[in-house]
Every structure is written in structure tokens, then in C-alpha cells.
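Biologist: I would like to go through this model with you. Take the labels one at a time and tell me what backs each of them.

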Amino acid sequence: MTDLSDLRDDLAGALDGDVTDDPAVRKEYSRDTSLFEETPGLVVFPKNAQDVSRAVRLVADAKRDGLDISIAGRSAGTDMTGGPLTSGVSLVFTKYMNRFLGCDGTVASTEPGVYYRDFEKETLKKGVILPSYPASRELCAMGGIVSNNSGGEKTLRYGKTNRYIESLDVVLADGSIITTEPLDGDGLAQKEALETFEGEIYRKLHALIEGNRDAIEAARPRVSKNSAGYYLWNVMDPPAKQRDPSVVFDLGQLICGSQGTLGLVTKETLTMVHTKEKHAMLVIFLRDIGKLPEIVKRVLRYEPESFESYDDKTFNLAVRFFPQIVQQIGISRLLSLGISFLPEAGMVLRGGLPTLVLMADFAEDTQEEADRKAREAHQALAGLPVTARTAGPGIQSEKYWIIRRESFSLLRKNAHGLYAAPFIDDLIIPPDQYPVFLPKLTALLSEYDLLYTIAGHIGDGNFHIIPLVDLGKPETRKTIEELTPRVYKLVLAHGGSITAEHNDGIIRTPYLPLQYGETVMNLFAEVKRIMDPLGILNPGKKVGGTVADIDARMVRATPKAKTS
């Protein structure tokens with residue numbers, strides 16, 4: 001094989017799905033919601049797992065023949081890190097591999113191209129959901145949720161996606177198709193006895209993890225959630241072990257969150273949960289962030305399902321873009337929404353905007369219980385210099401969720417000439433570090449001419465900082481290059497992680513050594529070599545990425561935002 005056209009022809013002849021090098025199609029799949037643009041050489045729409053297997057085998061053959069080629073999976077393209085972007089073969093799942101495969105009320109199975117919104121419609125027929133959906137729940141797809149180990153507003157109570165992995169069908173780097181599941185000692189021995197690439201992976205990974213347990217455990221982030229690096233600490237200590245102590249190994253815990261760099265997931269079987277249906281909210285308006293740890297501590301005693309926040313800049317931008325909000329939510333709801341904000345308007349007139357708005361959402365089986373928890377959490381704040389109010393279901397609490405959930409989308413669509421730039425967008429620290437960390441962070445950001453918003457999951461210390469920048473200005477690129485490592489070093493100095501939910505991709509891979517150090521980064525590189533010896537699976541993510549990659553792939557001008 002001599003060039004990409006030969007590979008195109010071979011793929012077209014071998015696959016049931018579609019293969020194209022049409023420039024318009026390649027351009028369509030050159031972007032996600034990150035800062036980056038990378039145009040694939042080929043776009044493939046596989047119809048089934050066998051197509052994925054054939055595609056991987058042909059790419060591997062081409063690489064052996066000397067073609068500089070790789071392959072990356074892609075679902076809905078809502079990734080904020082450049083995770084699915086590639087100059088090689090973009091394997092797009094949403095066109096054909098979009099079948100919901102069933103739910104029995106305990107687990108649900110799906111192909112990776114199913115949109116979460118459609119997945120949830122099906123699981124709700126059994127009264128269950130996957131609670132780790134991200135804020136992009138209306139746009140994202142299931143493949144990305146697993147590949148990024150997504151989390152969101154319900155993570156405080158229910159945890160991230162890796163907790164819900166029952167089994168994964170995975171195409172390995174040699175094209176073989178395997179199924180991962182939690183294994184006991186006998187099951188692991190059977191896998192290691194296989195004279196296949198799968199068996200080799202189990203043998204080598206087991207030896208690597210067993211031989212480096214102390215270093216791996218020391219590297220485990222001490223925060224409630226983490227998406228940085230490969231989750232080696234989860235493989236031999238998986239969530240399934242809590243249910244079944246005989247479990248000793250779960251390869252699915254390594255695949256989850258690996259951004260398609262170790263294998264391509266073609267089927268997901270996930271544990272479902274019955275969530276609580278009755279809600280009440282405690283809304284806290286805070287001006288003194290020094291009191292934040294005590295507020296969080298007191299509220300968490302009452303076990304909110306979610307505990308979210310957004311800052312005064314987000315509130316101001318919501319006011320600025322209020323017509324667009326109206327367009328988005330529908331004119332019929334405008335009057336009730338506007339009337340419901342009258343108490344807050346009065347509060348602002350009397351005392352100005354709060355520094356932070358905190359939203360503790362209590363979900364229970366009965367409305368009485370949800371209301372009781374919100375009320376008692378409110379009472380627990382007595383003596384603290386805060387303004388707070390409880391909000392029942394419906395428009396009373398919905399107005400806060402609209403601002404929290406839609407802020408990033410609103411910024412992307414309406415900040416004309418500026419781009420909502422996710423590059424320090426997902427840091428997490430222990431909540432007890434708030435009084436020291438947040439002033440340092442604010443002071444650091446103030447050194448740069450940035451308009452930005454901060455929203456996040458205040459209950460577990462996860463903040464989403466979204467600067468608004470003009471990507472066409474050279475000074476913007478300089479700011480991103482300078483500010484990123486400074487923020488990450490501050491986060492790590494306070495015991496945090498550089499990404500809680502959004503993963504590494506192009507934007508954070510170069511900074512993983514700051515978090516993990518040389519020894520653990522070498523282990524990550526060895527994992528990549530074990531599972532992808534030719535380096536064909538989404539290279540440059542998790543290991544091998546550089547700051548030069550960030551600069552080379554960053555878009556050169558502020559792109560026009562999509563309208564849908």
C-alpha cells in the first residue's frame with residue numbers, strides 16, 4: 001500500500017458501511033467543541049462491529065507497510081478536548097451504529113452512536129436512567145460518555161460512568177473483538193492462558209500493575225472524581241469489587257475514559273439506577289467565599305443529589321443574552337420565568353450580585369421528604385452571612401437550572417467575535433481548599449485580559465472555567481500557553497486534578513506529567529505500547545502529546561458557532 005487512496009479503496013471494498021474522502025465531509029468532522037481543528041484523511045461510517053474490526057486491521061496493515069496512518073472513533077463530537085480529532089481515519093458511529101439494544105430494568109445495552117437523549121427515553125420506559133450523563137445530555141452520545149468517563153450534575157450522589165460499566169465489546173488494535181467484564185481469580189487465569197493478543201494484554205497488564213502497585217496507588221488522585229491519565233488504580237480495585245469481593249481484575253475500567261486510545265468500544269452494557277423523582281432546591285447567594293467550605297460541609301450532611309454553582313459573570317451573561325434564552329426555552333414560558341425572578345431582582349437591587357449562586361438539589365421518593373431536607377439544610381446555615389431560599393419543583397427551581405445548564409451553550413452561540421474556549425475548563429480540588437485556592441485563582445486570572453465565567457459542581461470541588469477569547473489574536477494564543485500550566489500547578493499544589501470530567505485529549509495530555517510525574521507517565525506509556533503496539537489508535541492523546549500539538553492544531557480564527 002503506497003498512499004491514502006489505496007487505503008480508501010481497500011476500506012470501501014471490505015466494509016458494509018460508507019467510506020469517503022470528500023472534502024466537505026472531512027471538513028464536517030474536523031471539529032468538536034474544543035479549540036482545535038484537524039481534518040481527517042478519510043471518514044468511515046461503520047455499520048457494525050465487524051466493520052470496525054476490518055477497518056482497524058486494514059489501518060494496521062497500512063501502518064506496517066509504511067503509511068503514516070491512525071484511526072479514531074467519534075460519536076457526537078461534543079468533546080471539549082479534541083479527543084476524537086484525527087488526521088487519519090475518523091470512524092463515525094452516529095450514522096449507522098446507533099441502535100439501542102435493550103433494557104431489562106437493571107442493565108441497558110447500546111451501540112456507541114446512540115444519543116444520550118434517545119437512550120434515556122428508552123430506559124425511562126423501565127423507570128431507570130444512567131445517572132452519569134454530562135451537561136451536554138441533549139447533544140452527546142453514548143460512545144463519548146464511556147470514552148470520556150463522563151460525569152455531571154448527579155455525580156455527587158451517583159458517581160461517574162466507570163461505576164456503571166458491566167461489560168464492553170471492544171475492538172483491539174489487532175482487529176480482534178473482545179468483551180470485558182469484572183473477573184475473579186479463575187476468570188483472570190483463563191484470560192491469561194489465551195494464546196491471543198487478548199491473552200497477551202491480560203498477562204502484561206496484570207504483571208505491570210502488580211509490579212508497580214505502590215507507585216500506582218500513590219498516584220491515585222485524592223479527589224472525588226478524576227479524568228486525567230489511565231485509571232490503572234481501578235483495574236484491580238474496580239467498583240464491582242464492592243458488590244462481589246471475588247472480583248480481582250476489570251479491563252473495562254481501563255478502557256473507560258481512555259478516549260479510544262486503547263481500543264474501540266462497539267457495544268456498552270451499563271448498570272441502570274432508579275433515581276428519586278421528587279425534588280426541592282436550596283438556593284444560596286454567597287458574597288464571602290471564605291465561608292464556602294463551611295456552607296458545603298453543612299449542606300452535604302443532608303445528602304443533596306446535586307450541588308451546583310455559577311458565578312456573577314455567568315449571571316450577568318445570562319441577563320445579557322436573555323433574548324436568546326427566551327428563544328431557546330420558548331416564548332410561552334417567558335412570563336412565568338420572568339415573574340419567578342422578581343425576588344432575585346429585588347435582592348440584587350438591595351445588595352448587588354452575589355459572588356456565587358449555589359444550588360443544592362434534594363431528590364427523594366416523596367415531595368415531603370425532599371422539602372424537609374431542603375428546609376433543614378436551610379436552617380443549618382443559620383449564623384452564616386448568606387442569603388438563601390428554598391425552591392420547590394417547576395419554574396421555581398428550573399430558572400436556576402436554565403442558567404447553570406445552558407451557560408456554555410449560550411456563550412458558544414452568542415458571544416460574537418469571541419469563542420468560549422475550554423482550556424482550563426475542568427479543574428477539581430478538595431472542597432476544604434476553597435478559601436485559599438479561590439482567591440489565588442482569581443488573582444491569577446486577573447493578570448490576564450480575560451472575560452470568563454465559572455460554573456461547576458460545588459459539592460465536590462469541580463469548577464468549569466470558560467474564558468471568552470478571540471482566537472484570531474496572537475496574544476490569545478500566548479495567554480493560553482502561559483496561563484494553562486500556571487493554573488494546573490496551582491490546582492495540583494492544593495491536592496487537585498487537572499480534569500475531573502472532560503478528560504485529556506489534545507489540550508491536557510502535555511500537562512499530565514505535572515500531575516503524575518515521570519514514573520507513572522512511563523507506566524501509562526507502557527500501557528499504550530501493550531495495547532496498541534503500532535500506535536494506530538488515536539495517538540497523541542493520554543500519552544505522547546506535546547505543547548507544540550496544541551499550537552499546531554488550534555484554530556487560527558474564532559469560528560462561527562453552530563446554531564443547533
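Modeller: Start with Thr-20. Beyond residues up to four places away in sequence, Thr-20 touches Val-25, Leu-42, Val-43 and Phe-45. The model is predicted.

Biologist: What makes Thr-20 buried or exposed?

Modeller: The relative accessible area of Thr-20 is 19%. Buried means under 20%. Thr-20 therefore counts as buried. Its place is in strand E1, residues 18-20.

Biologist: Why is Leu-471 called buried?

Modeller: Its relative accessible area is 1%. The limit is under 20%, so Leu-471 is buried. Leu-471 lies in the loop between strand E19 (462-469) and helix H21 (474-493). Leu-471 and Ala-421 are 50 residues apart in sequence, yet 8.7 Å apart in space, C-alpha to C-alpha.

Biologist: How do you know that strand E4 pairs with E2 and with E3?

Modeller: Pairing needs at least two bridges. Three bridges join strand E2 (residues 42-45) to E4. Four join strand E3 (residues 71-74) to E4. Both pairings run parallel. In E4, Val-89 is the bridge partner of Leu-42, and Ser-90 is that of Ala-72.

Biologist: What shows that both faces of E4 are covered?

Modeller: Val-89 and Leu-91 are buried on one side, Ser-90 and Val-92 on the other. In a regular strand, side chains alternate between the two faces of the sheet.

Biologist: How do you know that the buried residues of helix H4 lie on the same side?

Modeller: In H4, residues 116-123, the buried residues are Tyr-116, Phe-119, Glu-120 and Thr-123. They cover an arc of only 95° around the axis, which puts them on the same side of H4. In an α-helix, residues three or four places apart point the same way, because there are 3.6 residues a turn.

Biologist: What covers the buried residues of H4?

Modeller: The cover includes strands E5 (100-103), E6 (107-110) and E11 (264-271), and helix H5 (142-147).

Biologist: How much of the whole protein chain counts as buried?

Modeller: 58% of its 564 residues. The chain exposes about 21900 Å², and carbon and sulfur atoms supply 50% of that. Its secondary structure comes to 24 helices and 19 strands.

Definitions and conventions: Residues numbered from 1 in each chain as written. Predicted model: local features only at pLDDT ≥ 70, side-chain atom pairs only at ≥ 80, totals over all residues. Heavy atoms only, no water. Helix = DSSP H or I, 4+ residues; strand = E, 2+ residues; numbered from the N terminus. Buried < 20%, exposed > 50% of the residue type's maximum accessible area, 1.4 Å probe, protein only. Areas by Shrake-Rupley, 256 points an atom, 1.4 Å probe, with all protein chains shown as cover. Arc of directions from axis to C-beta. Contact = heavy atoms within 4.5 Å.
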